[in-house]
Amino acid sequence: MSLRKYLTSRVFFTQVFLAALIIAVLGYLFMHWLTFTTNHGNEITVPDLSKLTEEQVEEKLDGIDLDYVLLDSLDYRSDYPKYSVVQQDPLPGAKVKEGRKVYIKINSSGFSSVKVPDLIEKTYREAVPTLKALGLEEGTITYIPNLGKDMVLDMRYKGRSIKAGDKVLKSSKIDLVLGDGKASYEEDIANDSIRNTSEELPNEQ
């Protein structure tokens with residue numbers, strides 16, 4: 001049989017059909033196997049681990065075939081229990097594959113201490129950002145007579161004066177005593193006395 005007759009024969013078309021069928025079946029089986037091995041469509045919703053202890057996190061994730069990795073502890077936050085989860089990645093509600101690791105950061109056991117910065121003779125606008133940069137908070141603002149308007153004259157913590165270098169806990173409130181931009185009563189009296197004395201002195205010729 002010539003090649004031309006073979007290519008147009010029923011035998012050739014039957015073989016082509018069978019070959020295509022085998023390829024289609026193998027392709028289907030391969031895709032099915034790939035889907036099974038990659039857990040395609042079998043996703044797990046990441047739970048909210050916020051405020052859970054590490055032991056509670058392990059128990060919760062083990063129940064849904066997820067794992068966790070503790071990255072670090074963060075500065076103490078009073079709105080979270082000690083040693084509880086503050087941050088997680090992936091976030092709650094995310095869809096992940098079985099066995100995926102969830103990275104967590106936990107709350108420290110308490111506030112760390114920081115040194116009070118030197119704010120004396122700095123302006124109020126300079127003092128507040130400096131406090132916040134160190135994790136401290138602005139407390140009560142008090143004004144006293146002084147020509148330095150809004151200039152820090154004293155720093156106080158829990159009612160007592162403190163100085164630069166003293167240690168307080170993070171998130172502590174530092175009260176500031178500022179100048180009101182006006183001369184004090186004593187200065188007014190002194191200036192008036194000097195003025196009156198000058199006026200009473202006789203003119204020397």
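A residue is called buried when its relative accessible area is under 20%, exposed when the value is over 50%, and partly exposed in between. By that scale Leu29, at 47% relative accessibility, counts as partly exposed, and this residue is found in helix α2, which covers residues 10–37. The model described here is predicted, and the points below take up its nonpolar cores, a nonpolar surface patch, its salt bridges and a few individual residues.

**Nonpolar cores**

- The largest nonpolar core has 14 residues, of which Leu119, Val152, Met155, Val168, Ile174 and Leu176 touch the most other members.
- At least two residues of this core are supplied by each of three elements, namely α4 (124–133), β8 (152–157) and β11 (173–179).
- When neighbours within four places in sequence are left aside, Met155 is in contact with residues including Val116, Pro117, Leu119 and Ile120, with Arg160, Ser161, Ile162, Lys163 and Ala164, and with Ile174, Asp175 and Leu176.

**Surface patch on the nonpolar side chains**

- Phe17, Leu18, Leu21, Ile22, Val25, Leu26, Tyr28 and Leu29 together make a nonpolar surface patch of about 830 Å².

**Salt bridges**

- Side chains of opposite charge can pair when their charged atoms come close.
- The structure holds four salt bridges, among them one between Asp75 and Lys170, whose closest N and O atoms are 2.9 Å apart.
- That pair links distant parts of the chain, since Asp75 lies in the loop between β2 (67–74) and β3 (85–89), whereas Lys170 lies in the loop between β10 (167–169) and β11, 95 residues apart.
- Asp75 has a relative accessible area of 48% and is therefore partly exposed.
- Another salt bridge joins Lys163 to Asp166, with the closest N and O atoms 3.3 Å apart, and Lys163 counts as exposed because its relative accessibility is 56%.

**Asp154 and its surroundings**

- Asp154 is found in strand β8 and counts as buried because its relative accessibility is 17%.
- Arg156 forms a salt bridge with Asp154, the closest N and O atoms being 3.2 Å apart, and Arg156 itself counts as partly exposed at 33% relative accessibility.
- The side chain of Asp154 also makes a polar contact of 2.8 Å with the side chain of Ser161.
- Not counting residues up to four places away in sequence, Asp154 touches Ile120, Ser161, Ile162, Asp175, Leu176 and Val177.

**Two loop residues**

- Ser84 sits in the loop between β2 and β3 and is buried because its relative accessible area is 0%.
- Beyond its neighbours within four places in sequence, Ser84 is in contact with Lys51, Leu52 and Thr53, and also with Lys105, Ile106 and Asn107.
- Gly159 is placed in the loop between β8 and β9 (160–162), and this glycine counts as exposed because its relative accessibility is 66%.
- The C-alpha atoms of Gly159 and Ile174 are separated by 9.7 Å, the two residues being 15 residues apart along the chain.

Conventions. Residues are numbered from 1 along each chain as its sequence is written. This is a predicted model: local features need pLDDT of at least 70, side-chain atom pairs count only at pLDDT 80 or more; totals for chains, interfaces and linings use all residues. Side-chain values use heavy atoms; hydrogens and water are left out. A nonpolar core is a set of buried Ala, Val, Leu, Ile, Met, Phe, Trp, Tyr and Cys residues joined through side-chain atoms within 4.5 Å. Buried means under 20% relative accessible area, exposed over 50%, partly exposed in between (1.4 Å probe, protein chains only). Helices (H or I, at least four residues) and strands (E, at least two) are DSSP runs, numbered from the N terminus. Contact means heavy atoms within 4.5 Å. Patches are made of residues with over 30% relative accessible area and no salt bridge: like charges are joined within 9 Å, nonpolar side chains (Val, Leu, Ile, Met, Phe, Trp, Tyr) within 5 Å. Accessible areas come from the Shrake-Rupley method with a 1.4 Å probe; for residues, only the protein chains shown count as cover. A polar contact is a pair of N or O atoms within 3.5 Å; within protein, one must be able to donate a hydrogen and the other to accept it, and residues adjacent in sequence count only if both atoms are side-chain atoms.
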